[in-house]
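Student: Could you walk me through the aromatic side chains in this one?
Tutor: Gladly; here is the structure to look at while we talk.

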Amino acid sequence: MLSERQNPKQKTLSVWVITDGKIGDDVQCLAVARGLADTFEKKIARPRPPWEWMAPWGPPDPREAPSRAGGAFGPPFPDVLFVSGRRAIPCGLAVKRASGGASFLAIMKDPRFGRARADLVWTPAHDRFSGNNVFKTLTSPHGLREKIQAAREQPLSAIASLDGPILGVCLGGPSRGAQFDAASAAMFAEQLNVARKDFASIAITPSRRTPPGFVRAIRDALSGDAVYIWDGDGDNPYIDILARSDALIVTADSHNMMSEAVATGIGVYAWRPKGLAPKLAWFVSELEKQGAVRSFDGPAAAFRRPAIDATQEIVAEIERRMRARA
């Protein structure tokens, strides 16, 4: 169990966040929890076999049952409960039941089971999932606003030392059919060489999913003192690149990465890898319709657009639903 102190909001709600430890789930739940209350408790569900195998359909591990005396998931139960992740769903549903329905249960992303027992299920719009208790947003919550502002005021030295204007590049990797092969790397690098002509510097950060060969091909194709490519040592400059760039190029394989980029207000260009999943292609097209994103095929002039951030939308919807059931 971990307690975190957030920005004071003069709220008295008790809030739990339960996930099974995946970073993507943590990011989304914690972002909304921070927006809702000034303190919360983060708990990790770690069911043992066979309960792990049965999740999300089975009961929680008896070790994690809310009825267990002195257990991490026992009373007093929270006012609001955020749950995400297959292995965390049974525990979240059990807490909801043990509270007598008093805990407001918000499930982040389609749980595949127990949907009707949640007070709210948040899903990204591209999942095309609907219901009376479903709330959808085009982008995902992330809680980067304060981090981006801090990075603008005090960036990592590697990014602060670059001359502006800066072209930032955020790389994802193979996912749901998206291809990051040698041919794709060569084409992308050629386009980057065209785009960088309008900028003094280019800063590139790969993710954990970016194939080393893809990064190596881009490194070989780009040259000069004004090229920075994170090599994996030290802190990842991802936030600093989002904060300090004058334009961003983001690979469209990551819904979270695109969501974070459009929250900066900086003009974003989406590079669509071959084999991009249809629902992600739809998501990018919707952002293009709003003028927040442009397709990347070479030139990448800087532009500004109003920031898009789903975090506060979700917080406001939870507050509305809580008032309605009071």
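Tutor: What follows is a short talk about ring pairs and about charges over rings.
Tutor: This is a predicted model, in which local features need pLDDT of at least 70, side-chain atom pairs count only at pLDDT 80 or more, and totals for chains, interfaces and linings use all residues. Residues are numbered from 1 along each chain as its sequence is written, and side-chain values use heavy atoms, with hydrogens and water left out.

Student: How many aromatic pairs are there?
Tutor: Rings of Phe, Tyr and Trp (its six-membered ring) pair if their centres lie within 6.5 Å, with planes under 30 degrees apart counted as stacked, over 60 as edge-to-face and the rest as tilted. The count by this rule is eight aromatic pairs. One of them is F188 with F296, an edge-to-face pair at 6.1 Å centre to centre and 85° between the planes.

Student: And are F188 and F296 buried or exposed?
Tutor: Both F188 and F296 are buried, where buried means under 20% relative accessible area, exposed over 50% and partly exposed in between (1.4 Å probe, protein chains only).

Student: What about F214 and W271?
Tutor: F214 and W271 make a tilted pair, 6.1 Å centre to centre with 50° between the planes.

Student: Why does F214 count as buried?
Tutor: Because its relative accessibility is 1%; W271 counts as buried at 2%.

Student: Which residues do ring pairs link into a cluster?
Tutor: The cluster consists of F180, F188, F214, W271 and F296.

Student: New topic: which ring does the charged end of R294 sit over?
Tutor: That of F303, with the charged end 3.7 Å from the ring centre; the rule asks for NZ of Lys or CZ of Arg within 6 Å of the ring centre and within 35 degrees of the ring normal.
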